[in-house]
Number of protein chains: 2
Amino acid sequence: MASPGSGFWSFGSEDGSGDPENPGTARAWCQVAQKFTGGIGNKLCDLLPACDGERPTLAFLQDVMNILLQYVVKSFDRSTKVIDFHYPNELLQEYNWELADQPQNLEEILMHCQTTLKYAIKTGHPRYFNQLSTGLDMVGLAADWLTSTANTNMFTYEIAPVFVLLEYVTLKKMREIIGWPGGSGDGIFSPGGAISNMYAMMIARFKMFPEVKEKGMAAVPRLIAFTSEHSHFSLKKGAAALGIGTDSVILIKCDERGKMIPSDLERRILEAKQKGFVPFLVSATAGTTVYGAFDPLLAVADICKKYKIWMHVDAAWGGGLLMSRKHRWKLSGVERANSVTWNPHKMMGVPLQCSALLVREEGLMQNCNQMHASYLFQQDKHYDLSYDTGDKALQCGRHVDVFKLWLMWRAKGTTGFEAHVDKCLELAEYLYNIIKNREGYEMVFDGKPQHTNVCFWYVPPSLRTLEDNEERMSRLSKVAPVIKARMMEYGTTMVSYQPLGDKVNFFRMVISNPAATHQDIDFLIEEIERLGQDL
Amino acid sequence: MASPGSGFWSFGSEDGSGDPENPGTARAWCQVAQKFTGGIGNKLCDLLPACDGERPTLAFLQDVMNILLQYVVKSFDRSTKVIDFHYPNELLQEYNWELADQPQNLEEILMHCQTTLKYAIKTGHPRYFNQLSTGLDMVGLAADWLTSTANTNMFTYEIAPVFVLLEYVTLKKMREIIGWPGGSGDGIFSPGGAISNMYAMMIARFKMFPEVKEKGMAAVPRLIAFTSEHSHFSLKKGAAALGIGTDSVILIKCDERGKMIPSDLERRILEAKQKGFVPFLVSATAGTTVYGAFDPLLAVADICKKYKIWMHVDAAWGGGLLMSRKHRWKLSGVERANSVTWNPHKMMGVPLQCSALLVREEGLMQNCNQMHASYLFQQDKHYDLSYDTGDKALQCGRHVDVFKLWLMWRAKGTTGFEAHVDKCLELAEYLYNIIKNREGYEMVFDGKPQHTNVCFWYVPPSLRTLEDNEERMSRLSKVAPVIKARMMEYGTTMVSYQPLGDKVNFFRMVISNPAATHQDIDFLIEEIERLGQDL
């Protein structure tokens, strides 16, 4: 069999330059597979769609399932590591990850599954606090398996009838919860919060200058977007992509809690207008990435109304709090937004990915994005074409992201999500109460956290008596990275750190996994102290 | 318990406006759940992470698995329907899809899974020919289940060590197959071909005018992209999004086989330059959506070289042919492209979604998109930061799309994909040979198909004797939609149709599912005739 470089990859003639012994038929690769399996276990070519493939297929998938179940059980077992950490060069050498010409047998495939999971991060582990998306919901997982098995695309009702209806039902419910009358409006599930925010920017621009679709940015005045200095970097990514440019994203000052200062917003809007620029979008954040801050949405809404600017709320992280009667007041004013990003894959624990963009005005997304591809959106179909929603997306094929949210919602009810959110916020408060007066801890900002973000420095004994000067800051900045590296090497827990503005590296604790308990919070504190006391 | 409208959704005070009987803790919703389960089966709150949750979890997931396995087996069973079609309003009434405040028990959840699959399209069915993505590969499916279970994000090595390495290995292999020396270059898995094409456009623009990132389109001259009139609509969607505008996408004429005419490309480039515009991208198509045509890449490459224009190849559909020694000559010249879109979820049968953008020049994607978010891409981590590849993406969180491709590749080998591709192309040729001279069929274009697209009209007996005039065209245009509607109502098979240019509705047959056989092709023909002969 030819290998790369020996002609396999060259461009032959129309007649094919293949080896005559390898005619490249299904039979041929099955023969190759049989040669390599050595008679152990089932072969790939025994699986469905092979005739009599049912039994080997069930056996193979059952084997896979057993490996997955084992992993699931381990994920929740506090006596197992969160991560079996290897440096990239070690991991590359630890196993043969290369792709080859020849097939492998199913035993080898099962071994690859096991090995892959061996080195995976257990993102469902109760002591994994590293990202905004943590946890592993069993119903969500089941739903995602079903989604894979259904293996379809969201562009038309024709090929995804149930999923299209469920997207309709679910987005409507989310809009009701935002507070839009009767759940009216529009929306889409998109591949992540960054893309949802970019959609908002696109739609806001289109609403103001519909000619931009055909004529591009050359036909419109200079547009300016406003968002806080603590907002997510995707606003700038979006502006760069959309041809608006990052210079046209003005970062508004925040108060000490990380909330946008409305007076600074108004000042910068006026400044932009005086320069002849056109403010077209304010993106307020409901739950900033690092501090978990909620911008004052009511004040922002007033300003947007006054200057006729599209109000977007990036509630990718904070949107989950809308499910809680106790905490949803933090998003008061979101009902006045023109669009909202809300990622159920964050605070609501839905498996990755599940991000919604909700839009108040119906039809705008469709007008902004549609291209009427006649091979998909035939106008002479026999059913109600309003369910062929694919043309409102920027994507053509679109993954089914709704089913896991919908099924979890059925299983938990709105009250279940509420309990989930309330529990995580209670845990964050528990952590805050422990460390706010504990020796060796300094809070990055004062006061009870509004979300589950708890930001703090751990100050090792050797630094506690130092004066508050540059040298101390420099030494303090090195503490969190070392503790984090040790955490990963021990594999006991994971929490994120970062600098922000003039603040050197600090820990950002977040909790979105309902599997976590008070004991896990206690453990985190002990672990930080164990790993950091000698620094 | 409050229902929507009765205060649940209102914005209360900081103290919460909740019902005191429902304090919103995990215990509370579990009590609610218990109340509603009525003692039948397991309850949601029995599942992991509950203590002693292991047994109920395994039982629940095993039940789900059994439902999925049943569906998988049925998908390949020719005696089952491809689709149990219901009109949207019927489907909405057939079942209660609504979301409620209260939880449901696991029996109900299992029933929802069964019901969802009952109405799903069996996209793995050997007689489902409706889209470019068909089939259900068992190893791909297993890999996708594993991906769901690992439930992580692609932004950093820290939280996706294996998947980041596998993306590296797999993209390198794909670049080798394209023909870039040593597999060098760059790339990313993106959420679909439309986004991959948009990336190419962004990167091409950035390469020529890096200042566009900060300054936006206002700082650059009018940019013009060129693609054929048969190319995918995503080029226009991308141009609209990126602020280039759809008017700046020039559609180049195609020959009768749907291939871009190089002389027309050159003419239009010169025309644009004469107007003072800047041609920045040519997107050639390798495998057009409807005709399956391959643009003449070598001639396009010469023109791009001559005028120093970025050459992109949209091989979303045709890229799979690179795996075949017999057919890869159709993409000769792809190795001269600056970027290539290649969707393994189409011709290679990888589950949805799996789309790669490959870029010849390394580092460009990173420079184009990076925003250095310090909370993700800390510069003082303890491992090699070149594996933190997330900042080259437009997305922040990014779904793991590589594992299913990697695992299938291990299972099949390159030779297995070759066999898959060769088989599907052989089936298309079989269909072509049957219908090209058969009574009642007219080919949309002459000659053997280059991909698996076979485009044809079925002409019912009543139209066969009519003169070739407007009335006949008008009647012929109504034939395919009626046959398609009947196919869906019977649920026996599905194939797409569309008009194109001055050609009225015709069938576009495509084959990407290796489960299909000659008998399935025969069945399709019989079915078209059975359902269309009275028209």
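This is a predicted model: local features need pLDDT of at least 70, side-chain atom pairs count only at pLDDT 80 or more; totals for chains, interfaces and linings use all residues.
Residues are numbered from 1 along each chain as its sequence is written, and side-chain values use heavy atoms, with hydrogens and water left out.

An unreviewed UniProt entry lists K346(A) under "modified residue: N6-(pyridoxal phosphate)lysine", an annotation of a kind that may be inferred rather than shown by experiment. K346(A) lies in the loop between β7 (339-342) and β8 (355-359) of chain A. Because its relative accessibility is 15%, K346(A) counts as buried, a term that means under 20% relative accessible area with a 1.4 Å probe and protein chains only. Leaving aside residues up to four places away in sequence, K346(A) touches L132(A), S133(A), A316(A), W317(A) and S512(A), where contact means heavy atoms within 4.5 Å.

Turning to the helices, the axes of α10 (residues 262-274) and α11 (residues 297-307) of chain A come within 10 Å and cross at roughly 20°. The two helices, α10(A) and α11(A), are therefore roughly parallel to each other, as angles under 35 degrees count as such. Residues P262(A), L265(A), E266(A), I269(A), L270(A) and K273(A) of α10(A) meet A299(A), V300(A), I303(A), K306(A) and Y307(A) of α11(A); by class, this contact has eight nonpolar, no polar and three charged residues.

In the second pair, helix α15 (residues 470-477) and helix α16 (residues 479-490) of chain A pack at an angle of about 15°, with their axes 4 Å apart, which makes α15(A) roughly parallel to α16(A). R475(A), L476(A) and S477(A) of α15(A) form the contact with V479(A), A480(A) and P481(A) of α16(A).

How values were computed
Chains are lettered from A and ligands numbered from 1 in the order in which they are written. Axes are lines fitted to C-alpha atoms, for helices over the stretch in contact, and angles run from 0 to 180 degrees between N-to-C directions. Angles under 35 degrees count as roughly parallel, over 145 as roughly antiparallel, 65 to 115 as roughly perpendicular and the rest as oblique. Ala, Val, Leu, Ile, Met, Phe, Trp, Tyr, Cys and Pro count as nonpolar, Asp, Glu, Lys and Arg as charged, and the others, Gly among them, as polar. Buried means under 20% relative accessible area, exposed over 50%, partly exposed in between (1.4 Å probe, protein chains only).
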